Amino acid sequence: AQTRVGGMNVEGSVEAGGQFFLSDGPKNKERAKFEEYRDIEAGPFLQNLQLRFFTSDEGYSAEFLGSKWGRQDQEFSLGAGRTGLWKFEFDWDQTPHALSTTARTSLHEVSPGVWVLPPIQSLTDFNGQATSHELHDVAVRWDTGRLRFTLTPTPDLELNAQYTRIRKEGNRPFGMNFGTGSGTNFLELLQPIEQTVHDLRLGGTLARERWQLVFGYTLSVFQNDLNRVRFDNPCFQAPIGGSAAFGCIAGESRTAANNVVPARGQSSLPPDNMAHTFNIGGGVNLPLRTRLTANGAYSLVLQNDAFLPFTINPSIAGDPDLRLPQKSLNGNVQTINLSLQATSRPLPLPLTLSAKYRLYDLTDRSDNFTFGNYVLGDRPVVTGGVLTPSGTRAGGAAIVAGRQSFTRHNADLDARYQIVQPVAVTLGGGWEQWNRGPLREVSETDEYFAKAAVDVTPFDWLLARLTYKPSFRRDSDYNRNILSGGVPTSQIFDGRKFDEAERDRQRVDLLLQFTPADTLSVTPTAGWRHDDYIRSAFGIKWETGWSAGLDVGWTPFERLTFSAGYIHELVDRDLRSRGASPNLSSNVNADWLSNMTDTYDTFHAGGKAALIPKVLDWTFGANYATSFGSIETRNPTANVPGNPANTVVPNNAQAKRMPDFDDQLVRLETALRYHFAKSWTASLSYAFEQFQKNDWRTDNLTPFLPQLAGTNGFIWLGNDLRNYTAHIAGVTLAYTFK
Amino acid sequence: KPWPAPAQQPTAPGAGTELPAGYVGAETCKGCHADQFERFEHTKMGRLFLKQPRNMRERLACESCHGPGQKHVEAGGGRGVGGMITFAKNDPTPVAKRNEMCTTCHSKGPHLLWKGSAHEARDVACTNCHKVMEDVSPRHSLAKATEIETCGTCHLQKRAATMRSSHMPLREGKMTCTSCHNPHGTVTASLLKENGLNETCYACHAEKRGPFLWTHAPVPENCSNCHDPHGSNHENMLKTAKPRLCQSCHILGPHGSYPDGRGDTGTLRFVMGRQCLNCHANIHGSNHPSGKFFTR
């Protein structure tokens, strides 16, 4: 039923209807996970709208698409173009991200990011059990708008311009500690999100038969409307003599003799930044069936937001050593990315040779800071020696915010030879080198790869791909006393950070595809990886991961299609550490071992059946995903894990119990579609969703815990992703005109 | 015309232009393959080739990809008869030659680095992922309805990861595989669209880009040191559970590294809620003068 409007042909479809919850549906406190990235409400909704206007000769056309109008997750797009010559597109998408619907706090946000605690008189005031109010929607919504124009004046030349704007608004949980050391009490509240990302891309490609050229420029600008958050410190308000009862250390209340306890704290939020990236690349076909491609990119990242003060605690803000040599970082990071690739089939044989080289260099040219004292948790002043007029330190370690640069080289060589028609073998090797600055433990690592791959297609109904890739990473040295901000990090001897540590890696991947008939495909797959950190006496010692699964697609006859799949994955890691403060780093009785495993099982099935051809269709789908995580911890010495009577292992180094955590997601959906006229379709759908999790780390946030002995005034929001069960029914009517 | 384009003025098939020897023209193909033709003419490529060809290659329409059809017609037709390229699984034409039929035109922009790419090197055919004879997907002429289904045909584990509790909005349809990857080949080993892994993440998460006064060393090197962007059972798609993730590197430090756990009420702030991030909230980097330990 194609129609004409203003001399243009119009075709398209529209589907709308209503949906409702059978039973009550998820309660407010359960909606955080249910509506994590979507908006599902009972009532009318637009499932889909598509309109295409076009001239009879298809020379010009315009298309409009939309769905979920009026919802938090609505989207639509508009496109218009001259076939083969130019195209204009505009996309709009809203993506909500719900983080919590269970948060509570006693504080009030008097202005964006400024939270004030009303006067407290009792413990229940303090921990909020009596005074807290609910923060119903802790969420961030991303609104993304994109404009794109593509011009193809000739078939071998393409020019394009694209502007994308991402606006993020909402809030997310954010913690702030107060007081001495690593924080004697902390408060969790909300960080306001009012951020915008602008992304402009200009580029083009010229593609001749023998050579191609691509060039482009990208400007990415990040703007944060807020540069700080400010929270009141609940322990500061602990009444005279009552701080301990409030779970605060006595010295952390305003009654302390040394009255420098912060009444409030202030933390920074991400600063504005800007990145310019220039890119040029090309490819050329050379004799001997050789192709050479090269790509070069230079990027400049700038950041120069004004610094916040060291502290807003008036008791110590006047410290003469709390001053910075300048008001901002003058941040300047430059990256160079060079890539060369050659592929050749030089002989009259099915032999393919390829070589690749890549350089990635990041140089941080921001100003290097050496400054005076700084403040921890808005309470203690950390001294770095005496500040001299020249800004250097005397009588103590300098406090330096050092700049970190690195260079990475990658090179690969491999040869692929088709021994006989159904068998192709690839052999190759590679090398990766990291050069890091003096601020990391390892100044240089070299990793060597080998690669062997076999692709076999003995019959047109079987494809097998097997890949084996071992690699070996070695370092030049491991400096455990690198300076971090001018202070040795005092990492334990033989401790290794996994991203720099010497590592032997083995990796095997297998994929089989059986297609005995056009109507049946069976795809088993398996993968195994083992990382052995060969010199890491402490830190991650090894990690093993494997997965195995099967996918089946079957169309027994034209009216029925079916697919199903299952995959199991396990990741297993071993960690060794020493539960001792730096001055006890030689206490071997403080060692502890931890094994962490994550297991995943994922199943899916789906199908479509034409119950009455061209009249009544039935579709169904099912998904089940479950994960299980465990952390087993023990002391290697003769201990009973967690036994407080143990006198060999220092008390704070005794392995404590970490209960397992798990989650399951079930989704079942089915629909009947009735084509009751040439252009009309009615549908009736039903979906069942259930999410369940057990995680003691968040389940027990009730939401407040300061009433627990010795918890030192920890106050969380109590945000948690609650279990939900939903039965959703829908009815839609669709009209198609083509 | 609202947009004059002399170089673009369409020439209908056969309109004053002779076809090369051995070619029979699309109308002849339609005679036997009416169903396929009817579906093809509604596709983006069909509209271009059949109604708005810009050059002789496009004007050849069906034969621009399947090859000259005269021998096929004279032999009375049949699958593969007359040397036609069928692009079917059992097509004896080598994958490289089949792909050349596509890359002859599709060599610009995202296809520039196809030769030598991970997929080309393993003889993956364009038609493994794309279907141009009919519209199966809303965009990109995919072989399946969505990108996740198309890529998931081989990458089963990655597809399964999108179902995990901590995930990006792929299964909700707000992102796709090509939001981050270009399967036709890029300068990165993982076929990422930008010049590196972090640059790909920064395209949306630009607030993590910095540079900051205090830098957390592993962050600018590699986001995947801590995150698995395909999905995880740990919050924020972390690779392993906190506090063990942090303790993997921070063995001692200012306040030690203790095997805290449930019931150890004195140190609950280290193991409950967001664990280490309860205090070290600006873990990606801090621009605060007192943010040396990312607590401000």
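This is a predicted model: local features need pLDDT of at least 70, side-chain atom pairs count only at pLDDT 80 or more; totals for chains, interfaces and linings use all residues.
Over residues 389–393 of chain A, however, the pLDDT is below 50. Beyond near neighbours in sequence, that stretch has 14 contacts in the model, a contact being heavy atoms within 4.5 Å.

Local features need pLDDT of at least 70, side-chain atom pairs count only at pLDDT 80 or more, totals for chains, interfaces and linings use all residues, and side-chain values use heavy atoms, with hydrogens and water left out.

**View 1. Chain B meets chain A.** Here 118 residues of chain B are in contact with 195 residues of chain A. Together the two chains bury about 12700 Å², with 54% of it on carbon and sulfur atoms; buried area is the accessible area (1.4 Å probe) that two parts lose on being put together, summed over both. Look for B:R122, B:R262 and B:R296, which supply 6% of the area that chain B buries against chain A, more than any other three residues.

**View 2. A salt bridge between the chains.** A salt bridge is a side-chain nitrogen of Lys or Arg within 4 Å of a carboxyl oxygen of Asp or Glu. The closest N and O atoms of A:R416 and B:D123 are 3.4 Å apart. Between chain B and chain A the count is 15 salt bridges.

View 3. Helices (H or I, at least four residues) and strands (E, at least two) are DSSP runs, numbered from the N terminus, and two strands pair if DSSP finds at least two bridges between them. Strand 4 (residues 60–67) and strand 5 (residues 75–82) of chain A run antiparallel and are joined by eight bridges. Find A:A62 and you can trace across to its bridge partner, A:A80, in strand 5. Strand 5 also pairs with strand 6 (residues 86–100) of chain A, again in the antiparallel sense, over eight bridges. A:G81 stands opposite A:K87 in strand 6. Strands 5 and 6 of chain A form a hairpin with three residues between them, and A:G84 in the turn has a positive phi of about 80°.

**View 4. Backbone angles in the loops.** Most residues other than glycine have a negative phi, and most peptide bonds are trans. A:N330, a residue other than glycine, has a positive phi near 55°. You will find A:N330 in the loop between strand 18 (290–303) and strand 19 (331–344) of chain A. In chain B, the peptide bond from B:G210 to B:P211 is cis, with omega near 0°, and B:P211 sits in the loop between helix 12 (197–202) and helix 13. The bond from B:K242 to B:P243 is also cis, with omega near 5°; B:P243 belongs to the loop between helix 13 and helix 14 of chain B.

Methods. Residues are numbered from 1 along each chain as its sequence is written. Chains are lettered from A and ligands numbered from 1 in the order in which they are written. pLDDT is the predictor's confidence in each residue, from 0 to 100.
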